[in-house]
Amino acid sequence: MRAHPADPYAVTATAYDLFSMSVRAEQVAALEALLPHIDTQEGPILDIGAGSGSNTTYLLEHSPEVRVLALEPSASMRSLLLSKIAAHPEWFPRVTVRPEDFFSITLPQHVAGAVLLGVFGHFDPGERAALLAELANRLPVGGGAVVDLQYPERPERIEPYEFTVAQVGELSYRGIAQGWPVDDEQMRWEMTYLTLEGERILIEDTATYVYRHPAPDTVRAEAAAVGLTLGRIGNSSYWLLTR
Ligand SMILES: C[S@@+](CC[C@H](N)C(=O)[O-])C[C@H]1O[C@@H](n2cnc3c(N)ncnc32)[C@H](O)[C@@H]1O
């Protein structure tokens with residue numbers, strides 16, 4: 001096990017796109033639900049906690065008028081994102097990648113929309129209220145943001161389960177997650193990331209973090225307080241916030 005105390009996402013970033021493959025189709029469906037709410041004349045799309053950049057690059061690829069302001073404080077995640085962008089110089093005028101977290105940057109006055117995937121649980125109730133207010137102040141009427149409220153909807157013990165397996169050439173990549181309730185909103189998650197040659201473990205990394213699982217009704221009320229409406233996308237754990 002390796003420790004990277006300075007960058008909480010360093011372990012997760014070692015093979016992030018492989019370890020997040022199991023949620024990718026749902027993320028893409030959520031981005032597709034967001035795009036009709038985007039008027040690119042209104043400003044950039046804010047990708048908060050852009051991670052390895054899969055969502056930023058999806059938007060740049062699928063909507064030629066879109067501009068993206070991606071925020072990613074983790075150096076290891078940001079380097080994955082910048083590698084994807086470096087392969088597309090034609091995108092350079094349309095994307096900015098900032099190393100600050102959400103509350104450390106001066107936001108543009110107007111944004112066309114926002115992406116909050118895999119990140120909302122990092123904000124406590126006070127921060128959520130502030131974040132939602134900042135979005136509501138900047139989105140146009142009809143504009144939207146996509147957010148995932150990750151399962152379980154209420155904190156509970158989650159027994160270990162395998163969440164992804166990818167075979168790449170001779171090696172396989174396997175992720176195992178388990179979680180414990182901390183209080184009525186927070187959970188402690190332990191994520192184990194394995195790189196295997198057959199059954200032989202070449203790398204075993206573990207990351208532990210606390211993540212919030214606010215109930216949809218709680219978020220709905222927090223959103224309504226600033227004039228945003230929360231609507232579920234299909235019966236998934238992905239939601240649209242619209243103004
Ligand atoms: C689980 S990853 C999700 C990455 C990407 N959005 C995705 O869906 O694949 C969460 C990311 O949020 C970032 N993050 C955590 N707190 C943040 C904050 N306050 N502001 C901006 N980003 C933050 C982390 O550095 C991490 O890369």
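The questions below concern a predicted model.

Trainee: How many aromatic pairs are there?

Mentor: Two rings pair if their centres lie within 6.5 Å. By this rule the count comes to nine.

Trainee: Which kind of pair do Phe102 and Phe123 form?

Mentor: The ring centres of Phe102 and Phe123 are 6.3 Å apart, with 80° between the planes. Planes over 60 degrees apart count as edge-to-face. The pair of Phe102 and Phe123 is therefore edge-to-face.

Trainee: How many residues apart are Phe102 and Phe123?

Mentor: Phe102 is in the loop between strand E3 (95-98) and strand E4 (113-116). Phe123 is in the loop between E4 and helix H5 (125-138). The pair links distant parts of the chain, 21 residues apart.

Trainee: What is the angle between the ring planes of Phe103 and Phe123?

Mentor: Phe103 lies in the loop between E3 and E4 and Phe123 in the loop between E4 and H5, so this pair ties together parts 20 residues apart in sequence. The ring centres of Phe103 and Phe123 are 5.9 Å apart. The pair is edge-to-face because the planes are at 85°.

Trainee: Is Phe103 buried or partly exposed?

Mentor: Buried means under 20% relative accessible area, and exposed means over 50%. Phe102 has 5% and Phe123 has 9%, so both count as buried. Phe103 has 38% relative accessibility and therefore counts as partly exposed.

Trainee: Which residue has its ring under the charged end of Arg188?

Mentor: The charged end of Arg188 is 4.4 Å from the centre of the ring it sits over. That ring belongs to Trp180.

Trainee: Which side chain makes a polar contact with the side chain of Arg138?

Mentor: Arg138 lies in helix H5 and counts as buried at 18% relative accessibility. Leaving aside neighbours within four places in sequence, Arg138 is in contact with residues including Leu107 and His110. The polar contact of its side chain, at 2.6 Å, is with Glu134.

Trainee: Why does Arg94 have no salt bridge?

Mentor: Arg94 lies in the loop between helix H4 (75-86) and E3, and is buried. A salt bridge needs a side-chain nitrogen of Lys or Arg within 4 Å of a carboxyl oxygen of Asp or Glu. The nearest side chain of opposite charge, Glu90, is 6.9 Å away.

Trainee: Which backbone oxygen lies 2.7 Å from a polar atom of the Arg94 side chain?

Mentor: The backbone oxygen of Pro64 lies 3.1 Å from a polar atom of this side chain. The one at 2.7 Å belongs to Val66.

Definitions and conventions: Residues numbered from 1 in each chain as written. Predicted model: local features only at pLDDT ≥ 70, side-chain atom pairs only at ≥ 80, totals over all residues. Heavy atoms only, no water. Phe/Tyr/Trp six-rings, centres within 6.5 Å; stacked < 30°, edge-to-face > 60°. Helix = DSSP H or I, 4+ residues; strand = E, 2+ residues; numbered from the N terminus. Buried < 20%, exposed > 50% of the residue type's maximum accessible area, 1.4 Å probe, protein only. Lys NZ or Arg CZ within 6 Å of the ring centre and 35° of its normal. Polar contact = N/O pair within 3.5 Å; in protein donor to acceptor, adjacent residues only side chain to side chain. Contact = heavy atoms within 4.5 Å. Lys, Arg positive; Asp, Glu negative; His and termini not counted.
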